[in-house]
Amino acid sequence: MNLRSQILFQDQTRTRTSDLVTAVGSWHKTYVHESSHWARYHGSTVGILLSLLRRTRDQLAAYTISHLPRQDVEHLHEDRSSGLPFFSFERYPKHAQGELKYSELDWLNLYFAYYLLLDPEGLTEFDTATWDMRAAMEHSLEDMWRQGAGMEMVECPDDVRVGIDGPLKLVHTSEGPLTSRVLFECAAVLDELFQVEGAFIRKADPALREFLLEVLNGEYGMPCRLARALAGRTLGGSTVLALIDFALNPVVPGLNSDDPSVDWKELYPPYRFVTAAKAMTGWETDLEFQYPSHEATVHFQHMLAKRSGLRMGSVASRLSDLSTLREAATAPMHLSARTPAVSLMCASRLLALRERDVCSISHYGVNFLGERATRFIKPDRDVQWLFPVFQVSQGEYRWPAEHVGLDEATDLLIGAAVASAYDDILHGVGPLAHDHLPRSLFDDAGQVEALNQVLKDSTGLDMGWHRT
Ligand SMILES: [Zn+2]
């Protein structure tokens with residue numbers, strides 16, 4: 001729905017301290033938090049799965065919108081202005097004719113599958129109660145595989161049917177639902193805590209540490225409490241981080257291998273987390289007693305797989321042929337493909353890093369401590385992927401000037417903005433949303449006009465962003 005998985009938004013709201021050392025520490029901590037999301041997302045199979053599902057949905061949207069008969073375009077405008085989305089779960093099936101009938105169902109399934117995996121709270125209660133979850137997951141995984149076959153994913157047999165075994169249950173706890181989003185958030189707070197406990201910020205205001213512990217008492221700490229309850233004993237932050245990393249790397253049909261079936265328990269990250277935490281009963285690991293290392297973490301994953309009966313997901317094919325950001329910005333491709341191309345290129349670099357140094361992702365906070373931190377003084381080619389490539393700081397769009405120029409960075413931003421509009425066009429109402437785009441873009445009438453023209457050229461719709 002927005003660019004937040006692509007672009008780091010630096011907001012100042014969490015800086016709540018007065019002296020300089022602490023302000024720097026606090027900025028650093030916020031940066032660590034948001035960058036942790038980036039590295040964990042793009043460096044895990046669930047993130048790659050989400051990027052691929054998103055690409056499939058956006059390409060279906062791009063095709064559908066640009067092939068809409070004139071009459072449907074009129075309906076779309078009328079519906080929007082009266083507050084009715086063109087595609088919606090509540091009013092399905094709305095389009096009874098031609099291709100639109102199939103596009104509507106496929107698009108809704110892809111949307112549903114994405115949010116089911118990331119955060120079912122992005123769906124309304126009505127959607128989760130009435131929609132066929134299994135059909136949505138199976139069809140979406142299949143569409144995604146066909147689109148990525150022989151490229152990001154392994155070859156796909158012609159008659160393949162993706163099957164999900166076991167009941168498709170969500171994970172409910174006494175504190176509310178456990179979602180993949182909460183796992184990402186919990187990990188990011190633990191990563192931040194690593195900073196405070198480490199050498200770098202030792203001088204900082206102890207209020208920072210208290211603030212983080214307070215955060216862990218809320219929703220974001222739920223996985224820690226749940227793991228403790230399921231394991232029947234206290235688990236340190238390092239162990240919880242390893243459990244989260246295991247959970248966020250599900251086995252995905254077509255990505256892991258050409259086996260078209262997978263158990264829901266092995267696919268759904270919150271379920272993986274629960275099963276993994278239970279497997280900690282009566283088992284103490286090296287991770288609980290020593291500073292996290294590549295060897296100890298790999299060994300932990302191996303033992304955990306044995307004890308839990310769940311495999312660690314991996315990517316069997318070559319995820320991206322692109323080797324630089326410049327290529328991702330300039331290689332000829334449809335607008336809707338550009339953002340996922342950047343994501344998958346970053347993902348392939350992060351997976352390579354994961355192979356050599358799993359802790360740089362599983363225990364993201366260690367990147368800024370001790371010897372590892374010296375890698376940033378003269379960053380090598382792989383370490384740079386641990387940070388979001390594009391950022392918006394105080395409303396201004398920023399890009400890595402050593403990798404792309406103004407034109408390329410602008411093309412990438414336009415690709416991301418247009419792709420974010422597809423969801424809005426098909427599923428939103430009223431004027432196009434723009435609160436997820438860099439504010440400075442809207443200070444310049446010329447830029448807004450140019451962006452609207454690209455949207456019009458690529459969709460055929462006269463529906464632009466407007467300044468407020
Ligand atoms: Zn967060």
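Guide: H9 passes H12 in a right-handed crossing, a term for a near helix turned clockwise from the far one by less than a right angle, anticlockwise being left-handed. The model is predicted: local features need pLDDT of at least 70 and side-chain atom pairs pLDDT 80 or more, whereas totals for chains, interfaces and linings use all residues. Residues are numbered from 1 along each chain as its sequence is written.

Visitor: Why is H9 called oblique to H12?

Guide: The axes of H9 (residues 222-231) and H12 (residues 269-278) come within 7 Å and cross at roughly 40°. Angles under 35 degrees count as roughly parallel, 65 to 115 as roughly perpendicular, over 145 as roughly antiparallel, and the rest as oblique; H9 is therefore oblique to H12. Axes are lines fitted to C-alpha atoms, for helices over the stretch in contact, with angles from 0 to 180 degrees between N-to-C directions. Helices (H or I, at least four residues) and strands (E, at least two) are DSSP runs numbered from the N terminus.

Visitor: Which residues make the contact between H9 and H12?

Guide: Pro-223, Leu-226, Ala-227, Leu-230 and Ala-231 of H9 meet Phe-273, Val-274, Ala-277 and Lys-278 of H12. Contact requires C-beta atoms, placed from the backbone, to lie within 7 Å.

Visitor: What makes H9 largely enclosed?

Guide: Seven of its ten residues are buried, so the rest of the structure largely encloses H9. Buried means 20 or more other C-beta atoms within 10 Å of the residue's own, exposed 12 or fewer, and partly exposed in between. The buried residues are Met-222, Pro-223, Cys-224, Leu-226, Ala-227, Leu-230 and Ala-231. Their cover includes strands E3 and E4 and helices H7, H8, H10 and H12.

Visitor: Why are H10 and H12 called oblique?

Guide: Their axes come within 8 Å and cross at roughly 135°, and H10 and H12 are therefore oblique to each other. The contact joins Leu-243, Ile-244, Phe-246 and Ala-247 of H10 to Pro-269, Arg-272, Phe-273, Ala-276 and Ala-277 of H12.

Visitor: Which residues have the most contacts inside the largest nonpolar core?

Guide: They are Cys-186, Leu-243, Ile-244 and Ala-277, in a core of 127 residues. Such a core is a set of buried Ala, Val, Leu, Ile, Met, Phe, Trp, Tyr and Cys residues joined through C-beta atoms within 7 Å.

Visitor: Where does pLDDT stay under 50?

Guide: That stretch is residues 10-23, pLDDT being the predictor's confidence in each residue, from 0 to 100. The chain's mean is 87, and 90% of its residues reach 70 or more. Where pLDDT is low, predicted coordinates should not be read in detail.

Technical notes. Contact = placed C-beta atoms within 7 Å.
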